[in-house]
Amino acid sequence: GISSIAVNSIPYATSTNVIGTSTNLTFDGTNFSLGGTGNLSVGGNINCTNDITAYYSSDDRLKIRTDLIDNPIQKINSLTGFKYKFNDLAKSYGLCNDIVQIGLSAQDVQKVVPEAVRIANFDMDFTSNISKSGNNYLAIDYSRLVPLLVEAIKEQNKRIEKLENK
């Protein structure tokens, strides 16, 4: 595989250039593409001047609905938002930001919405999708909490309407 690429070393082309012999990384003169089921891991920030799209398969035609989200308000009430800073253990894994942040506990989220929790990128062995350290450090995909929030608001609105009609 490729560990690093100098952008200026890739020649401009009118058709797709494949970089290396065993990768799916391509450059069409304007855009880079990482095809297949590979992963891209970045140790620093990713700065973007346009949108970043993740989980682009939101089209209902690509889904088999298996269940509804039950008890959304109860699930949200079991979560606690808090402010935090990274501790020394986090810093030993390269999480060096000293800014006060806000978040949730991945362990708490995992209890009510396991679909929104995965092995943290810094601890992920991307070839096997398991923890490199064996400690199973977790991360939350906050975008996957949005359906829970939508259903909780709908349930809460039903309760409000019921009270207003009394």
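How many salt bridges does the count come to? The count comes to seven salt bridges, a salt bridge being a side-chain nitrogen of Lys or Arg within 4 Å of a carboxyl oxygen of Asp or Glu.

1. Basis. This is a predicted model, in which local features need pLDDT of at least 70 and side-chain atom pairs count only at pLDDT 80 or more, while totals for chains, interfaces and linings use all residues. Residues are numbered from 1 along each chain as its sequence is written, and side-chain values use heavy atoms, with hydrogens and water left out.

2. Overall layout. The protein chain holds four helices and nine strands, taken as DSSP runs numbered from the N terminus (helices H or I, at least four residues; strands E, at least two). From the N terminus the order is β-β-β-α-β-α-β-α-β-β-β-β-α. Of its 166 residues, 18% count as buried; buried means under 20% relative accessible area, exposed over 50%, and partly exposed in between (1.4 Å probe, protein chains only). The chain exposes about 13,300 Å², of which carbon and sulfur atoms supply 51%, by the Shrake-Rupley method with a 1.4 Å probe.

3. Side chains of opposite charge can pair when their charged atoms come close. Glu155 and Arg159 form such a bridge, with the closest N and O atoms 3.0 Å apart. Both residues lie in helix H4, four residues apart, about one turn of the helix. Glu155 is partly exposed at 23% relative accessible area, and Arg159 is partly exposed at 47%.

4. Two further salt bridges. Arg61 and Asp59 meet at 2.6 Å, N to O; Arg61 is exposed at 74%, whereas Asp59 is partly exposed at 28%. Asp98 and Lys91 meet at 2.9 Å, N to O, and both count as partly exposed, Asp98 at 46% and Lys91 at 31%.

5. Nonpolar core. The largest nonpolar core has ten residues, among them Leu79, Val109, Val112, Val113, Ile140 and Leu148. Such a core is a set of buried Ala, Val, Leu, Ile, Met, Phe, Trp, Tyr and Cys residues joined through side-chain atoms within 4.5 Å. Helix H3 (residues 106–112) gives the most to this core, with three residues. Leaving aside neighbours within four places in sequence, Val112 is in contact (heavy atoms within 4.5 Å) with Lys75, Ser78 and Leu79.

6. Aromatic pairs. There are five aromatic pairs, meaning rings of Phe, Tyr and Trp (its six-membered ring) with centres within 6.5 Å; planes under 30 degrees apart are stacked, over 60 edge-to-face and the rest tilted. Tyr84 and Phe86 pair edge-to-face, 5.8 Å centre to centre with 70° between the planes. The pair of Phe122 and Tyr137 is tilted, at 5.5 Å and 35°. Phe122 lies in the loop between strands E6 and E7 and Tyr137 in the loop between strands E8 and E9, so this pair ties together parts 15 residues apart in sequence. Ring pairs also link Phe82, Tyr84 and Phe86 into a cluster.

7. Arg144 is found in the loop between E9 and helix H4 (146–164) and is partly exposed at 36%. The C-alpha atoms of Arg144 and Val113 are separated by 8.6 Å, although the residues are 31 apart along the chain.
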